[in-house]
Amino acid sequence: MALKLQYADDQQYQLDAVASVIDLFHGQRFATTRFTVQEALTGLENPAVQGALVEAPYTAATFNDMVRQIGYANSLHCSPGELERNLHAVQEMNCLPPSTVLTGNQLRDFSVEMETGTGKTYVYIRTIYELNKQYGLTKFIIVVPSVAIREGVRKTFETTEEHFRRLYDGVPHDVFVYEGNDVAHITDFATSSSIQVMIINIGAFNKSFTAKGEEDKSNIFHRRNEKLPNGRSPQQLVSECNPVVIIDEPQSVDNTAKAKKAIASLNPLFVLRYSATHKEPYNRIYELGPVQAFQQDLVKGIRVDSVQADANLNGAYMRLESVKPDHSSARVTIDVKQDDGSQKRKPVTIRLGSDLFELSHDNSDYADTSWIVTNIDSTEGNEFVDFQNDERLYIGAAKNDMDAALVKRAQIRQTIEDHLEKQLEMLPLGVKVLSLFFIDEVAKYREYDDEGIRDGEYARMFDEEYRRLVTSPKWKDRYARIAHVLPLDPTLVRTGYFSKDKKNRFKNTSSAASTQADTDTFELIMRDKETLLSLPDGKDPRKQYSFIFSHSALKEGWDNPNVFQICTLVETRDTLTKRQKIGRGLRLCVNQDGQRLHDPQANVLTVIANESYGDFANGLQREFTKEGYRFGVLTPESFSNLTVVRDGKPTEERFGFDNSRTVYDHLLKEGLIDDKGTITPDLKRAITDGTLDLPDEVEPMREQIEQVIMQRAAKLPVKDKAKEIAVTIRQDVYETPAFQELWQRIRQRSRFRLDVDTGKLVEHALKRIKDMARITPVTVRNSRADLDIDMAGISTGDVHQSIVNVSRELQYSLPDPISELQDIVGLTRRTLKDILERCGRLDEYPIDPATFITQVAAAIKDAKTEVLADGIIYTKLPEEDWYDADILQPTDGAKGYLGQNAYLPTHLEKWLYDCVVYDSATIELPYAKQLDSYDDVVFCTKLPATFVVETPFGPYNPDWAYVREQDDGTQRVYLVVETKGGTNGQAVTRPSERAKIDCAKVYFGEISKEYQDFEYEVQSEFR
């Protein structure tokens, strides 16, 4: 059975991105309008023919539609002021700066920023369905920059079709890729009333014509075509549909004046722009940056496995490091002779006429040939230096690197080692591991000459190292223990994805990657995606492939979720950025059922780099910074979406822009951030020490404010494989009486049932509903202005605006509110009827039914959260259903990284595991150090994620368990502890966390009844 990718429909960050678009148009009126595609067909306009055809029950209007082709277009009756207010509300909710960037005097363009690998394509496809469901919009055009991305989008539509059919009740839709010679789809796009999606490359319509006789110089998209109704051009037909235009990677799509004009020629209703790296952000409505994606485990973690050789100082070594933009100078690393006769590899500055022999202090390696600089070119993307001996050195490239081949071989060997280790870890989870090699020259993989075909240098290296490793006792024995046989023939496990020439030979791909051969390559990669994810079955030889060689120019638009190792083998300038490299393997992996695994321990992408961990991490961070992402920086709107706390309880109110600015200005005044918002070490120290001073009016918000600051202060979490440590259980500690006595208390499990006080629930719901924002009707604004006409042209005089009251004209088909709410909140009809009748707000339901249902449902859900824990009852299960010791064993491959997320205790004799893997450096790490240092703590552990308490709000995993001994050693106290941030020793929790913790108090309270020496606590610091 073929592997089929599965998609989750409840990823909150994706739902938030979709909602950010939908909420933009809240209160606006959309409609589908009709337009004439083609007038009456030949002969049908004859009255005699019409008389013969028009028979009952046809009406004149019906007949009119029969003899004309009708097109369907999107339409929006929009109040500009309301749209701007909605935009600012969405931005406030997402902590983004308020903006009103107009395109042609229209608020048209909105940007969604999502980190690579987080499902950007899924999000905008779901947004299409949601815009249709909420507002009836049907015409959509997706504009992409390249063949690679086009094929990726097409593939995602295919693999998500069943998923969205289930979610949206099989709503009819058509998706097609625009081909210049296929006009039938264009006609259908205009005339169909169902969802129509066209995917088109920007290169297919960014060349128009302006002068008569030059039509052959334009794209076919702009040329009139007799096969289209009334001989229109494709552009004329689709532009009448007022499509919603979705731009995938806008920084590569409409980055020129021509491209912007091309987008405008589509006559978009509005434009949605999706990218991880916006160069022109327009109006940003959602942002999921790299740090957030990594912190929330939405993508794989990154680990760097550094492969470097000591400098071989033999030969005339040189490497071009950088070139000044004005061509005046460059930096080159060479071997410089020292006073004692030794050599040191160091960078030097060169200019026109510079002689490397002189700059190297007369190193004889540079004396034999004329290493004199004759040209410096700083053209972006093609920087190089020429020498008098006709040698050219490109940026990032090295010459006479005596160890280059050795390093490449070592990289290949280490990639295979890392692959075998990872596959051993992932086989029990049903996950096939892939490794990807990027090369810049096909000849390194396969060579062609008059004698035929043979393997290239890298393929030969791979085969030699693979055979050596899989036949070694280390790997043979480890795989034999799990009864898994490794193929001995390396050619069975490696393959290459390259473009082919007319002789069916592999060929290099250009940087544009836009030829038909390149298109075929991308189609092959996409077609084989599920096959590559499948474990070998002994039938399809392609399922054995697990090592992939690909051209470095194929750097965007495709990826595979099960790529766990990436190795770049390039000798000339590396055109792949570090971000592009990791982007091919960032997605969370999938198992043989096509389901994504969300275990952070399993989802780690290893980059086998020929540079140090520090250089790679710093280089990656520089790339993010260059693309506009600012690390360690606060902005005036950073705190705008926090929940206002009053009397120690959260409210429905958001903190807002103004209050956020108050906090920002206070931090700036106190010198805790600089004038660019950069977080200072003093600010981080003040939070860690609990000494941060805040204005009295925002003191109740302290925990939320500090959490935002520490999140913004976080660095990009790249792991250093050299500091990797495996997590193992300490058997001697496991067998101690202290642990065994604690384990006897906490291993029992219970089943919960709810005995909710319905009256209390109703009262809480009523209070929240009464505090809801008022439901208002659609706003229609009237603008009136005088036109001044003179020789200079037509201009507008004074403009007068007013609100037009049309609420009486808006009459909705009202669904049963009780049924609608019952599906969402899961309460009985009787309880919901009681709430609605007593809330005093039911008269607002006809004004805007959808908004009323949404707000009331949210209020009831919050009320349920407040009261459910009060009515929970836990009943202990039989002992055979209790936890056994297996859940304490670390999962295969469980690792930590010292100094990053792992702590090596001093007193290992009292810890269950040989290192502590922590989630927070400001809360959990200090707590672990305190547990380690206190003598009266005789046993302690960070509880594994497998130890959970079931609650109505989802499973709850407490943080710590430890045993304290009284001074005289005669009595012990056994504790389970949850650690949360807070002030003055008082832990602060969010409502969702508090609900789970309240249930845990009841759960562990039952254990305390049986064992008087057992306690459960929530602490902000060790006490």
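Biologist: Which residues have the most contacts inside the largest nonpolar core?

Modeller: This is a predicted model, and its largest nonpolar core has 50 residues. The largest share of this core, eight residues, is contributed by helix 5. Inside the core, the residues with the most contacts are F110, L131, I142, F270 and L272.

Biologist: Which residues does I142 touch, not counting residues up to four places away in sequence?

Modeller: I142 is one of the residues with the most contacts inside the largest nonpolar core. With residues up to four places away in sequence left out, I142 touches Y124, I128, V153, F157, V197, M198, I199, I200 and I246.

Biologist: Does T127 count as buried or exposed, and what is its relative accessibility?

Modeller: T127 is found in helix 5, which spans residues 120-135, and it touches V18, V21, L272 and Y274 when residues up to four places away in sequence are not counted. A residue is buried when its relative accessible area is under 20%. T127 therefore counts as buried, with a relative accessibility of 0%.

Biologist: What separates the C-alpha atoms of T333 and R319?

Modeller: T333 has its place in strand 12, residues 330-337, and counts as buried because its relative accessibility is 10%, where the cut-off is under 20%. Leaving aside neighbours within four places in sequence, T333 is in contact with Y317, M318, R319, E321, R345, K346 and P347. T333 and R319 are 14 residues apart along the chain, and the separation of their C-alpha atoms is 5.1 Å.

Biologist: At roughly what angle do the axes of helix 26 and helix 27 cross?

Modeller: Helix 26 covers residues 817-825 and helix 27 covers residues 829-838, and their crossing is right-handed. The contact is made by P817, I818, S819, L821, Q822 and V825 of helix 26 together with R829, L832, K833 and L836 of helix 27; by class, these are six nonpolar, two polar and two charged residues. The axes come within 10 Å, and they cross at roughly 115°.

Biologist: How many of the residues of the protein chain, as a percentage, count as buried?

Modeller: The secondary structure of the protein chain comes to 30 helices and 43 strands. Of the chain's 1023 residues, the share that counts as buried is 49%.

Terms used: Residues are numbered from 1 along each chain as its sequence is written. This is a predicted model: local features need pLDDT of at least 70, side-chain atom pairs count only at pLDDT 80 or more; totals for chains, interfaces and linings use all residues. Side-chain values use heavy atoms; hydrogens and water are left out. Axes are lines fitted to C-alpha atoms, for helices over the stretch in contact, and angles run from 0 to 180 degrees between N-to-C directions. Helices (H or I, at least four residues) and strands (E, at least two) are DSSP runs, numbered from the N terminus. A crossing is left-handed if the near helix is turned anticlockwise from the far one by less than a right angle, and right-handed if clockwise. Contact means heavy atoms within 4.5 Å. Ala, Val, Leu, Ile, Met, Phe, Trp, Tyr, Cys and Pro count as nonpolar, Asp, Glu, Lys and Arg as charged, and the others, Gly among them, as polar. Buried means under 20% relative accessible area, exposed over 50%, partly exposed in between (1.4 Å probe, protein chains only). A nonpolar core is a set of buried Ala, Val, Leu, Ile, Met, Phe, Trp, Tyr and Cys residues joined through side-chain atoms within 4.5 Å.
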